[in-house]
Amino acid sequence: MDQHVRSMEHKPRQYQMLSKMIAQTANSTASEFPQINPDICIVNYYTNFGKLGLHQDKDESESSLTKGLPFISISIGDTAEFLFGNTRDKDQATKINLESGDVLILGGESRLLFHGVSHVKTDTAPSWLKEETGIRPGRINLTFRQY
Ligand SMILES: O=C(O)CCC(=O)C(=O)O
Ligand SMILES: [Fe+2]
């Protein structure tokens, strides 16, 4: 998996606009979580063999984590099997499919859940997306966070 961290202080403007729109939507639809004003976007690209082991996201500031500020994840391309749970044990984790266009928000008490990607399902991206964008096989995931 390739991982690129984009700090939005040195941003392409589009990231900032996208981030603002996403945060507004997340803040109003997941209003049980504290409000977030994202300043980081992590972009992951998975080939069809890509995986990401169960982990917690703890690189943000102590204050961000203590407040349970959410991260907002957006999936594009092929469907991923996404795991989450209270421990690093993948056999006990809950599995869900994240399809292209899905948005996942982990915040509040769920902010430190273990999570990961067990596999990416070949050729499951919507055909219109492939036709209109020429997106390569695999999956792109964007996560917006506040440091
Ligand atoms: O690809 C995903 O859905 C999860 C990405 C992730 O957990 C991360 O970047 O920390
Ligand atoms: Fe993560």
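Tutor: This is a predicted model, where local features need pLDDT of at least 70, side-chain atom pairs count only at pLDDT 80 or more, and totals for chains, interfaces and linings use all residues. Residues are numbered from 1 along each chain as its sequence is written, while chains are lettered from A and ligands numbered from 1 in the order in which they are written.

Student: What classes of residue make up the shell around ligand 1?
Tutor: Ala, Val, Leu, Ile, Met, Phe, Trp, Tyr, Cys and Pro count as nonpolar, Asp, Glu, Lys and Arg as charged, and the others, Gly among them, as polar. Here the shell has six nonpolar, five polar and one charged residues. Shell membership takes a backbone-placed C-beta atom within 6 Å of the ligand. Among the members are Asp57, His115 and Asn141.

Student: Which elements give two or more residues to that shell?
Tutor: β2 (40-46), β5 (80-85), β8 (114-120) and β9 (139-145) do; strands are DSSP runs of E, at least two residues, numbered from the N terminus.

Student: Which residues are in the largest nonpolar core?
Tutor: In soluble globular proteins, nonpolar side chains tend to be buried together. A core joins buried Ala, Val, Leu, Ile, Met, Phe, Trp, Tyr and Cys residues through C-beta atoms within 7 Å; buried means 20 or more other C-beta atoms within 10 Å, with C-beta atoms placed from the backbone. This one has 11 residues, including Phe33, Ile40, Phe71 and Leu106.

Terms used. Helices (H or I, at least four residues) and strands (E, at least two) are DSSP runs, numbered from the N terminus. A residue is buried if 20 or more other C-beta atoms lie within 10 Å of its own, exposed if 12 or fewer, and partly exposed in between; C-beta atoms are placed from the backbone.
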